[in-house]
Amino acid sequence: MLNAYERRLIAFYLANAASSLRHQDHEASELAEWMTARENRVAFGSKRKRLHRRNIDPDEGISDRKWRSLQDTLRDEFSAAKKARYDRTARRLRRLGRATGLRRTEVEILELLLRYRTQPIIESMIDDIFGHFSRPVRSVSPLNLRSPALPALLGLSANALQRCLRNDAPLVRTGLVAIDSDGDLNSATRLNRLATAPGGADLDVNRLLLDAAPRSDLEWSDFDHLARDRDHIERILTGALKSGASGVNILLYGPPGAGKTEFCKVLAERLGVSLFSAGEADDEGGEPLRSERVQELRLAQRLLAGNRGALLLFDEMEDLLPGSFPGSSLFGGSFRSRYGDGGSKVFMHRLLEAAPTPTLWTMNDAGQASEAILRRMMFALELRRPTPGVRARIWARQLGQHGIEAGADEALSLAREFEATPGVAAGATAAARLGGGGVAEVRHGVRSLSRVLGCERPPQGPPARFDLALLRADTDPATLVERLVHGGERRFSLCLEGPPGTGKSAFVRYLAEHLGLEVLQKRTSDLLSPWVGMTERQIAAAFAEARDTESFLVFDEADSLLADRRFSKQSWEVSQVNEMLAWMESHPLPFACTTNFGEHLDPATLRRFVFKIRLDYLAPEQGEAAFRGYFALTPPAGLASLGGLTPGDFAVVRRKAELLGQLDEPEVLLALLRAECEAKPGRPRPIGFRP
């Protein structure tokens, strides 16, 4: 049922439309027809004379006399309805108008668009009277710049309406009204809340129209691995909020699940301000159109202008990349408007430069953004997966929150085993609680996710039975570790070359453990890319991650990254080696490369490595020591005749013998070791006769 103010609005619209129309106009007949069909529902004042359908001829329209009578009646009805007080929606609209600096005419335009969307009777009135304009092209709305509907209903001239809807006019500039390439007008989707949200008319407009981000489960200390950059952003935003500076944009990027949005929430809590997000969902809870996100961004910036207790979050910045949606792009595509494509980049750049509220932008890959956009960011922070220590705290808190009994050692074990993000940890522990399980179920759940997320980590420490005495190297490994640990120097590099299984990676992990550093291992498959320039970017990112997290960087199978450039056939093969060499010279922390084929390395690498260590197959006495260490048995007589034994062979054979139940059978163990040696291509053979 219509309230008194809505009847006043309809009388206002109809009186204006009737005054601008002639009796022979098609719209005049439609107007009279609509009133006749709905006179009981609209229920104007009692003085109105009934208008019978016989006074309207569909072909000839309404007579001049009857039309003048109808015009007089509508003017009287509007005059009588003028005293109707604003309803809740109208009062909220006017509060919004004051907050955004709108004039009365602009508020009336916005109100018509909003009532058209939210009041079926007003929608039917406009469609029935002016809908013929859109019938030849059904995608065009009656509320179109070329339609006579808006000026007629509002009592405005076409020129006055155009002035209110210019690109630089408040209605459009603030995102309250969007105009598509066909000229159709639409109010911002979330303005529907002015009509539908419960509560009184005195609700804060910002709280009503903007979505406040919920609190985060994380804490400030959960980002200690980013402490320097994290604290720098805090200082920037503290100064921006205090001074009211404009154009403050912070970019947060990193892989999905790295905690970008959670960081924004924690940051806002740390600063003691509200965090509002722009365009995360439409009013039905669905995914908003890309154009709606742009519109809501502009509206949010306007609403929060001058508010020194708020930050704005625009999540998933990729939505605005070129090609993400037709007709609107923030990053290099054209922002279509009714005036064409020109000036779009300038417009969107100005939107960033003049942003009145500090804005946090998140995206997965900063490389997708144009340099013109990146230059307008005050700071860019890459959020990587947390360090094991931080992950252990997150796991401990998640396990505790979900009532799963676990000690600190179990939380640390999960942190070392999986590079799981806070979201993965929360999901796995919640699933275990629902299933009534414990830590075993948590580990099972996170392992299932790690297969698709790639967050399962190789062991960080050396193997369980690792022994420096079992390394056959041209440099005494025990002395080297002792001197490096006690020397205190952290800027050095190692190249470990030798056959598989000789202990190259194990030695690096042993050294890192004694230096008190976490290992950041990068396999060739992590870095090589078929896309031009991507391998170089990922090499640089690996060195940067190791530097920022203060980790011991290890490149396995380094011969693929440092291949001899003299035999290169493609330019990218040269450029990736150049990238590696450049970073190797400037890296401030320990890093190591391991390779099975040292002869394939580029000669220029030799002077970049401080230590070059060659590991070889075990000497006979080392083989016997390994047999005692792995099996606690006396070595059989034939062990010394085996050529090409490595510590890795003993680890494999022990695992195999455990499965077969033959750990206490020396001759079986010897046969298994011989099989491992014989399976190696180019294996060394002993001199003389074999017994």
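Before going on, a word on confidence. This is a predicted model. The protein has an average pLDDT of 83, and 86% of the residues score at least 70. Two stretches stay under 50. Over residues 45–49, pLDDT is under 50, and the model has five contacts there beyond four places in sequence. Residues 687–691 also stay under 50, with three such contacts.

Strand 8, residues 310–314, and strand 9, residues 359–363, pair in the parallel sense, over three bridges. If you want a spot to look at, L312 has T359 in strand 9 as its bridge partner.

Now the charged pairs. Side chains of opposite charge can pair when their charged atoms come close.

E108 and R104 meet in a salt bridge at 3.8 Å, N to O. Both residues sit in helix 5, residues 104–118, four residues apart, or about one turn of the helix. E108 counts as buried, because its relative accessibility is 18% and the cut-off for buried is under 20%. R104, by contrast, is exposed, at 65%.

The next is R393 with D224, where the closest N and O atoms are 3.3 Å apart. R393 is in helix 17 (388–401) and D224 is in the loop between strand 5 and helix 12 (227–243), so this pair ties together parts that are 169 residues apart in sequence. Both count as partly exposed: R393 at 35% and D224 at 37%.

Last, D365 and R537, whose side chains meet at 3.3 Å, N to O. This pair links distant parts of the chain, 172 residues apart: D365 lies in the loop between strand 9 and helix 16 (371–374), and R537 lies in helix 24 (534–549). D365 is partly exposed at 26%, and R537 is partly exposed at 41%.

There is also a network of salt bridges, which links E6, D87, R94, E111 and R115.

Technical notes:
Residues numbered from 1 in each chain as written. Predicted model: local features only at pLDDT ≥ 70, side-chain atom pairs only at ≥ 80, totals over all residues. Heavy atoms only, no water. pLDDT = per-residue confidence, 0-100. Contact = heavy atoms within 4.5 Å. Pairing = 2+ DSSP bridges. Salt bridge = Lys/Arg side-chain N within 4 Å of Asp/Glu carboxyl O. Buried < 20%, exposed > 50% of the residue type's maximum accessible area, 1.4 Å probe, protein only.
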